[in-house]
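Trainee: I have a new model open and I'd like to learn how to read it. Could you walk me through it?

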Amino acid sequence: MAAAPGTSLGALGKLTELRQRIFFLIGALIVYRLGSYIPVPGVNPDAMANFIANLGQGQGKGLADMFNMFSGGSLGRYSIFTLGVVPYISASIVVQMMGAVIPSLAQLRKDGEAGKRKMTMYTRFGTVGLAIFQGFGISTMLEKQTLSSGVGVVYTPGLAFVLGSVVALTAGTMFLMWLGEQITERGIGNGISMLIFAGIVAGLPAAVAHTLTMASNNELSVLKLFMVVVLILAVTAFVVFMERAQRRITVNYARRSGGQRAYMNQTSHLPLKINMAGVIPPIFASSLLMFPATLLNWFGNSQHPSAWLQQLVQQLSPGEPLYDVVFAVLVISFAFFYTAIVFNSQETADNLKRSGALIPGIRPGRGTADYIDSVMTRLTGVGALYLVLVCLVPTFMQNMWHVPFYFGGTSLLIVVLVVMDFIAQVQAHLVSHQYESLMKKANLRR
């Protein structure tokens, strides 16, 4: 009888650990949101807000929307978190790609914890470099901006402002990188993904209020509003279904056992996801398509604009046919490319061979690798088309029906994947911390 209270207290203590992790996550996200309101010195806040509003109606709309989406509106306030974690994500992707083509970096990926620390160090250095470059570009661009009223966005343009802005933006990005690592270690879920998730969701209340205002002013019919809600729910359910979908390849293991039989066969499955690349292809495709708009904003001159660059930016604006076609091609290409980086069919085949496993009807070694590669090629093709469909449906709604759709393709994917990962990790903590009680309930203890 005395064991029951101890078991109860032990379970309570283990649940307290999960609660502490959740509270740490909430506290970190609060710090992130508060930091997004700390402005970079030297910028006129009213002029900056007007500039972003005007930019959102012009050729820089996609660039402004993406930065505002990932930073939770920090660009409109030009806060120290304006760059968000975009430099860190870009550096991570570049380091992973280089690890697939440079032998020395590829070896680091196989060196366990020591190699992982080296790769993390290279990623941090790359983050600093990209943050400095992007901070310099944004600050020099803002120096040249003047509203129609003649008020400049920057109070006192010059070297002092540029240096101060670069330092503040770089420091903000590095702080977010550190905060994301702390969330991963001491909270729940992937820290960087959680920060992006918080930035996206932060704009949801304003988007809902804007949509309801349009409906109350008869700018948006009830039928269209109902269709928007239904489509959001349908796309969300479709994303969840596709992200959970797997192709299970039957694998037979031969393991030694005692008794009369020398070996006993054991059947298992090799699960392969349809979308191995996650949200990386849409993010990369969006970044490349917004590069011409970035060049125009940096180097364009209001008196002597570059005609060919202006035309290119116009054609590559969201909603234009060329934009949709190029975006689809880039997403499909990056899906195959990134899947080839994160999943090595030959390495998987070698691991199966070393563990005494084989796929029925397929020869071990090279034959298994070719078979797995062919299956992954077909799966990646389906996954790439799924990404294109999810990303372009909101664009078609915005341009054909003129209805607001705040959760675009990339943002919707991020939100759904982060929520799914969060739920999975919470369930894993509950299962691991209550393992004893689960075994008792299942009558598995002897």
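Trainee: Let me start with one residue. Where is the place of Gly115?

Mentor: Gly115 sits in helix H7 (residues 112–143). Helices here are DSSP runs of H or I with at least four residues, strands are E runs of at least two, and both are numbered from the N terminus. Before we go on, this is a predicted model, where local features need pLDDT of at least 70 and side-chain atom pairs count only at pLDDT 80 or more, while totals for chains, interfaces and linings use all residues. Residues are numbered from 1 along each chain as its sequence is written, and side-chain values use heavy atoms, with hydrogens and water left out.

Trainee: Is Gly115 buried or exposed?

Mentor: Buried means under 20% relative accessible area, exposed means over 50%, and partly exposed is in between (1.4 Å probe, protein chains only). Gly115 is buried, with a relative accessible area of 1%. Its C-alpha atom is 8.6 Å from that of Leu105, 10 residues apart along the chain.

Trainee: How many helices and strands are there in the protein?

Mentor: The protein has 19 helices and 3 strands. Of its 446 residues, 42% count as buried. For a helix that is mostly covered, look at H12 (residues 280–289), where 8 of the 10 residues are buried. Among them are Ile283, Phe284 and Leu289.

Trainee: What about the core? Which residues have the most contacts inside the largest one?

Mentor: Here's the general idea: in soluble globular proteins, nonpolar side chains tend to be buried together. A nonpolar core is a set of buried Ala, Val, Leu, Ile, Met, Phe, Trp, Tyr and Cys residues joined through side-chain atoms within 4.5 Å. The largest one in this model has 93 residues, and Met48, Tyr78, Leu142 and Leu272 have the most contacts inside it. Helix H17 (residues 366–401) gives the most to this core, with 10 residues. Domain 1 (9–202) and domain 2 (221–299 + 306–407) both give residues to the core, so it lies between them. Those domain bounds come from an automatic or database domain assignment.

Trainee: Tyr78 is on that list. What does Tyr78 touch?

Mentor: A contact means heavy atoms within 4.5 Å. Leaving out residues up to four places away in sequence, Tyr78 touches several residues, including Pro39, Met48, Leu142 and Phe161. Tyr78 is in the loop between helix H4 (74–77) and helix H5 (86–101), and it is buried, with a relative accessible area of 0%. One more thing to spot: Tyr78 has a positive phi of about 45° although it is not a glycine.

Trainee: And charged residues? How many salt bridges does the structure hold?

Mentor: Side chains of opposite charge can pair when their charged atoms come close. A salt bridge is a side-chain nitrogen of Lys or Arg within 4 Å of a carboxyl oxygen of Asp or Glu. The structure holds 4 of them. In one, Glu243 pairs with Lys273, the closest N and O atoms being 3.7 Å apart. This pair links distant parts of the chain, with Glu243 in helix H11 (residues 222–244) and Lys273 in strand E2 (residues 263–273), 30 residues apart. Glu243 is buried at 6% relative accessible area, whereas Lys273 is partly exposed at 32%.
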